[in-house]
Amino acid sequence: MADSLLLLKRVPSRHTWLRARKARPQLILSRRPRRRLRNLRWRSRRRLRRRLLQAQAAGADWLQGSCLVSGAAALRRLKTSARRRASSPEPAEDPVPSGPAILPIPPVRPAGSGRAVLLLPLGQGFTFSGICRVTCLYGQVQVFGFTISQGQPAQNVFSTYTHSRLTINAVHYSVHEKSKKEMKREARVLLRPYLNQDDRYCLMSSFSPLCSIVLLERLKTSTVNFIISHPGLSYIFVQEVRTFQINSEYFALRSVGIRREKKKTGLRLTESAFAAVEELVSISSEEADSCPVILVCGCQDIGKSTFNRYLINQLLNSISCVDYLECDLGQTEFTPPGCISLLNITEPVLGPPFTHQRTPQKMVYYGKTSCKNNFENYIEVIKYVFSSYKRESPLIINTMGWVADQGLLLLIDLIRLLSPSHVVQFSSDRSKYMPDLTPDFVDDMDGLYTRRRSRVRNRGFHLPEFAESLEFADEEKESPVMSTGYKLMFVKSEFVTGKTSRNRESHNRILRELAVLGYLSQLQPPVPKPLRALHGLTPYQVPFNAVALRIIHADVAPTHILYAVNASWVGLCKILDDVRGYASGPILLAQSPICDCVGFGICRGIDMEKRLYHILTPVPPEELRHVNCLLVGAVSIPQCVLKSQGGLEGTIPYVTTDYNFKLPGASEKIGARESGATYKERGHPKPKFYRKTY
């Protein structure tokens, strides 16, 4: 028994001794503390080492014999030593330590609570994860292609774990004839409101000509607070990672809400992508009469959206605005999913889509995340939205990643309809084969609804004048659409993604739900006011006879319409038909209209006695006056919104575990819902679904 107990006793392994030995040069412990460290278990050793490094970062004296100095004692001794140095007539010593440098390059210095100052030599970058507010105090930096110069307003930067990490790069800027001493004096004056004398001296010791100084501040927005308030979503912005490199930089960045990342995790564009961006920016800046129309295409998860954001930021460095046409239903950039929209972008895009939901210039709610079952309606909607483009600024067109079979033919139709001046085609070694979309190839290919050039009858029309009168041709009738010339630009992509064929659908579903949450965050009051639960907000009351109803994605019996509308994501639209004059409702539409959508909301309840819809939406009242149609599609409310409602007692509304999958239509995959049979086969309990009652 005694032998077995001895065997169970934990003995420090070789790996443990190596870690302790690596820690010795940094901690500079005396002999007795090292002997005590040898007798501690690994958990106690980690805790002790963390305390020692914290005290070291605070400037403690380590040669204290057998005493282990705490963080508070280290701070007290630091203040005492500072008073002694102030009272002594001897000149102050160099605050920069003569031993091995603790702070890596580029250096970071704390600048008070929730702030840090970063010095970037020319050509170096700082890759990070988290969210912060970036202000350029001196020089010039670039974030995601957007240039931030000295004196410009601060920018909110979102480097999340769902996308590539962002990097703050120091770039070259013009400097008048000044000596290095004059530049250091100017930078020291700019740092005076943020750093004390010792920190300024330490930071300026790394100063070099053409370097840049950046102020990083903690960022709090209602969008971020609303998203992380749901269980399981806090990891998107900041992840706690165990690390032994605990120093003053670690605490300074932690107070801001970010952490340093490896350079390989940052955003990387290929040389062909940089060359394409440079050429497109040059054309957009030089040509004053005609604005380029840029269509970006390629297969899924190849970097099209990332390229579009970078191109938008680069264009905003030289021009005031950029137009953006969204044709990808599943992964929209500025709106909730299922929309085709036209936007005028005037501010940089420094984050993923769920951090910059914006109001479009024109938008149509298609209602589904794919157009595979209704190509003709998809084309008609794009024509309707594109008709609002005024050609006053460059236009970037984002397309779907479906480029095989019918998807390729649909892309050829879009090229003929939109008449781009430049087509940027992405390719990759790991992607499926896609033919080169040269003008000759497009002219010689039949699309789904258009015909090749040899069969075109009328060739003298231009698209802006002819788009409204375009009629689709059947197999016996030739289409009068003509193809215009464009310049094809190839981009070789090395975009690394964590998506696979198995997890792609679930990953895309999470991004779509985050976009919906980002839109719903507009209901929250601005910071610093606390968040309010959605069920605690006052909804709008809409009479039955004031709006018409239509279920876009499925055929629903008229007696079940209200079941489908209740607790659903609805598009707030305005149609040309006058729905007033009906004594009662609901008013049902026989066909899905192509109409303007002003925003979205949640139908959180239906009052059958008073015949009212209760709609919760961030759309302002002046826009709601024009709404006379509610469209319900396959885009649903994220389950986390329904399942994590705070302040409720008893059964959660609209959620049930008693769901009959044997009913007709109950087992179909609508949106991102899965059938219960799948859960039964895997041994999981039934999922919670919405019980729509009124």
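User: How does Arg391 count by relative accessibility: buried, exposed or partly exposed?
Analyst: This is a predicted model, so take everything here as computed. Arg391 sits in the loop between α12 (375-386) and β14 (395-398). Its relative accessibility is 33%, and buried needs under 20% while exposed needs over 50%. Arg391 therefore counts as partly exposed.

User: And the backbone there: what is phi of Arg391?
Analyst: Most residues other than glycine have a negative phi. Arg391 is not a glycine, yet its phi is positive. The value is near 55°.

User: Where is Phe144, and what is its relative accessibility?
Analyst: Phe144 is placed in the loop between β4 (140-143) and β5 (146-149). Phe144 also has a positive phi, about 55°, although it is not a glycine. The cut-off for buried is under 20%. Phe144 counts as buried because its relative accessibility is 8%.

User: How do α10 and α11 sit relative to each other: roughly parallel, roughly perpendicular or oblique?
Analyst: Helix α10 (residues 271-286) packs on helix α11 (residues 304-316) with axes 10 Å apart, and the crossing is right-handed. Among the residues that meet are Phe274, Val277 and Val281 from α10, with Phe307, Tyr310 and Leu311 from α11. The angle is about 40°, while roughly parallel needs under 35 degrees and roughly perpendicular needs 65 to 115. The two helices are therefore oblique.

User: Which residues of α7 meet α6?
Analyst: The axes of α6 (residues 180-191) and α7 (residues 197-204) come within 11 Å and cross at roughly 140°. The crossing is right-handed. Lys184, Ala187, Arg188 and Leu191 are the α6 side. On the α7 side, they meet Arg200, Leu203 and Met204.

User: How far apart are the C-alpha atoms of Glu271 and Ser493?
Analyst: Glu271 belongs to helix α10 and counts as exposed, at 73% relative accessibility. Glu271 and Ser493 are 222 residues apart along the chain. Their C-alpha atoms are separated by 9.4 Å.

User: Which residues is Arg512 in contact with, leaving aside its neighbours within four places in sequence?
Analyst: Arg512 lies in helix α16 (residues 504-520). At 13% relative accessibility, it counts as buried. Its contacts are Gly330, Gln331, Pro337, Thr369 and Glu505.

User: What is omega of the cis peptide bond that joins Val527 and Pro528?
Analyst: Most peptide bonds are trans. Pro528 is found in the loop between α16 and β17 (540-543), and the bond joining Val527 to Pro528 is cis. Omega is about 15°.

Note on methods: Residues are numbered from 1 along each chain as its sequence is written. This is a predicted model: local features need pLDDT of at least 70, side-chain atom pairs count only at pLDDT 80 or more; totals for chains, interfaces and linings use all residues. Side-chain values use heavy atoms; hydrogens and water are left out. Axes are lines fitted to C-alpha atoms, for helices over the stretch in contact, and angles run from 0 to 180 degrees between N-to-C directions. Helices (H or I, at least four residues) and strands (E, at least two) are DSSP runs, numbered from the N terminus. Angles under 35 degrees count as roughly parallel, over 145 as roughly antiparallel, 65 to 115 as roughly perpendicular and the rest as oblique. A crossing is left-handed if the near helix is turned anticlockwise from the far one by less than a right angle, and right-handed if clockwise. Contact means heavy atoms within 4.5 Å. Buried means under 20% relative accessible area, exposed over 50%, partly exposed in between (1.4 Å probe, protein chains only).
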